Structure formats: structure tokens, C-alpha cells
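Subject: Structure handover

Hello,

Here is the structure for you to look over. My notes follow below.

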Amino acid sequence: MGSDSQPIRIDGDLSALDWDKGNGLLPVVVQDAGNLRVLMLGYMNAQALQVTLDSGKVTFFSRSKQRLWTKGESSGHVLQAVSVQADCDNDTLLISAHPHGPTCHLQRASCFPRAPSAFLAELDQLVASRERDRPAGSYTTQLFDGGIRRIAQKVGEEGVETALAAVAQDDAALLGESADLLYHLIVALRARGLSLQQAVEVLAQRHAR
């Protein structure tokens with residue numbers, strides 16, 4: 001069970017994990033639940049995994065210190081676990097987590113400086129922060145302050161401009177209008193308390209039918 005009573009999703013049978021292959025340790029890849037960026041690689045023993053499942057904070061076994069350590073225990077930059085799954089050989093774990101601050105000790109988002117991420121997911125997170133914090137001078141703040149009707153109007157305008165660009169303008173114009181439409185659609189979803197990921201999940205469900 002994670003913190004704030006949010007359960008950690010477990011994909012597969014963790015009782016089948018092959019702890020013996022790595023002398024009691026499994027490599028663990030941690031991925032940002034929001035933008036899918038790989039954040040870091042660590043190692044867990046069975047106790048570290050159980051602490052992670054109980055506390056919701058990703059906890060590893062330090063091979064150098066020979067003890068358990070919770071990521072962010074000194075910096076406060078914890079990794080809040082969302083899901084845990086094993087690979088096909090049951091000897092590696094993938095943990096999806098929400099990072100609270102930079103994961104890398106060099107103050108980078110990821111320990112892999114060029115780790116790719118889903119940009120639209122990053123933009124969605126940025127829009128969510130604008131909706132929450134309402135920084136002065138931000139165009140996104142102006143949209144949220146204008147209310148859902150104004151935002152919906154902008155989505156409609158951008159939709160029409162995108163359609164017109166598709167039939168009467170060059171590729172650069174179509175791409176530019178498409179980018180504007182995607183941005184304003186993300187703002188509209190957030191104004192209704194929804195996320196782009198939820199819309200993507202609807203698409204995924206349709207695709208699976």
C-alpha cells in the first residue's frame with residue numbers, strides 16, 4: 001500500500017521472483033509515471049521490495065553501504081511508487097514512480113542525462129502546474145482565469161485553423177496549427193479536471209477492441 005492510501009499496482013506474480021540468480025538482489029529500473037523517462041537503476045532485496053510496497057516510497061538495497069536506503073531519505077527527493085512489474089525472466093523489476101524533485105544527485109531529472117521522455121506528457125504536467133499555481137504573466141494562467149468557455153472557444157478556433165491549414169496551406173503551417181490545437185486541448189482537459197493521459201487511455205481501450 002502506498003502513501004495517502006493509494007495502492008501500488010502490481011503487474012504479475014511477485015512471489016515468482018528469482019532472487020537466487022543475483023544472490024538475493026534484483027536490478028530495478030525506475031521510470032517516471034508521468035512522462036515515461038527512465039530515471040535510474042538500483043538494486044533491491046526482498047526486504048527493500050516489501051518496504052517499497054508498504055511505504056509507497058521506492059527503497060533499495062545499497063551494495064556499498066550494505067543496508068536499505070530510501071531514495072530521497074536525505075534530499076527529500078523521494079520516488080513515490082505507482083506500479084511494480086517483473087520482466088519475463090522474473091529477475092528484473094520495473095517500477096513506475098512519481099519523482100518529487102530531481103532523481104539524480106547532480107540535480108538532473110534522470111541519472112541518464114539524455115533519457116528520452118514523452119514530450120506531450122511533460123507539457124501536460126506543466127499545464128497542470130500552471131493551473132495549480134497560476135503564475136503571473138503566463139498565457140496558460142490567462143486561459144485558466146478566463147474560464148472553460150474561453151478555453152473551449154480557443155480549441156474551436158484552433159481546430160478550424162488546423163482544418164483550413166490541412167486543405168489550403170503548406171506543411172509548416174499545418175504542423176504549427178496542429179501544435180496550437182494540441183496545446184489548447186490539453187488546457188481544456190485540465191480545466192475540466194482531466195488529463196491528456198486519460199484521453200490517451202480511451203484511445204488505447206478502443207484500439208484493444
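Is E73 buried, partly exposed or exposed? E73 is partly exposed, at a relative accessible area of 46%. Here, buried means under 20% relative accessible area, exposed means over 50%, and partly exposed lies in between (1.4 Å probe, protein chains only).

Some ground rules. This is a predicted model: local features need pLDDT of at least 70, side-chain atom pairs count only at pLDDT 80 or more, and totals for chains, interfaces and linings use all residues. Residues are numbered from 1 along each chain as its sequence is written, and side-chain values use heavy atoms, with hydrogens and water left out.

Overall layout

The chain has six helices and seven strands. Both are DSSP runs numbered from the N terminus: helices are H or I with at least four residues, strands are E with at least two. The order from the N terminus is β-β-β-α-β-β-β-β-α-α-α-α-α. Along the principal axes, the C-alpha atoms fill a box of roughly 65 × 40 × 35 Å.

The chain has 209 residues, and 34% of them are buried. Its accessible surface is about 12300 Å². Carbon and sulfur atoms hold 54% of that surface. Areas come from the Shrake-Rupley method with a 1.4 Å probe; for residues, only the protein chains shown count as cover.

Now the contacts, meaning heavy atoms within 4.5 Å. Take those in the chain with a separation of 6 or more: 52% of them join residues 24 or more positions apart.

Charges and salt bridges

There are 20 positive and 24 negative charges in the chain. Their mean positions are 5 Å apart. Lys and Arg count as positive, Asp and Glu as negative; His and the chain ends are not counted. Each charge is placed at NZ of Lys, CZ of Arg, CG of Asp or CD of Glu.

The structure holds 10 salt bridges. The criterion is a side-chain nitrogen of Lys or Arg within 4 Å of a carboxyl oxygen of Asp or Glu.

- R67 pairs with E73, with the closest N and O atoms 3.1 Å apart. R67 is partly exposed at 33%, and E73 is partly exposed at 46%.
- R134 pairs with E131, with the closest N and O atoms 3.5 Å apart. R134 is partly exposed at 32% relative accessibility, and E131 is partly exposed at 30%. A network of salt bridges links E131, R134 and D145.
- K154 pairs with E158, with the closest N and O atoms 3.8 Å apart. They sit four residues apart in helix 4 (residues 148-168), so about one helical turn separates them. K154 is buried at 13% relative accessibility, and E158 is buried at 5%.

Cysteines

The test used is a pair of cysteine sulfur atoms within 2.5 Å. For C104, the closest cysteine sulfur is in C111, at 4.4 Å, too far for a bond. C104 is buried at 5% relative accessibility. C88 is exposed, with a relative accessible area of 74%.

Strands 6 and 7

A81 is in strand 6 (residues 79-86). S96 is in strand 7 (residues 93-99). A81 is buried, with a relative accessible area of 8%, and S96 is buried at 14%.

What does A81 touch, leaving aside neighbours within four places in sequence? A81 is in contact with I8, T52, G56, V58, I95, S96 and A97.

Two C-alpha separations

A81 and S138 are 57 residues apart along the chain. Their C-alpha atoms are separated by 31 Å.

D13 and A86 are 73 residues apart along the chain. Their C-alpha atoms are separated by 8.1 Å. D13 is in the loop between strand 1 (9-11) and strand 2 (26-32), and D13 is partly exposed at 48% relative accessibility.

Best wishes
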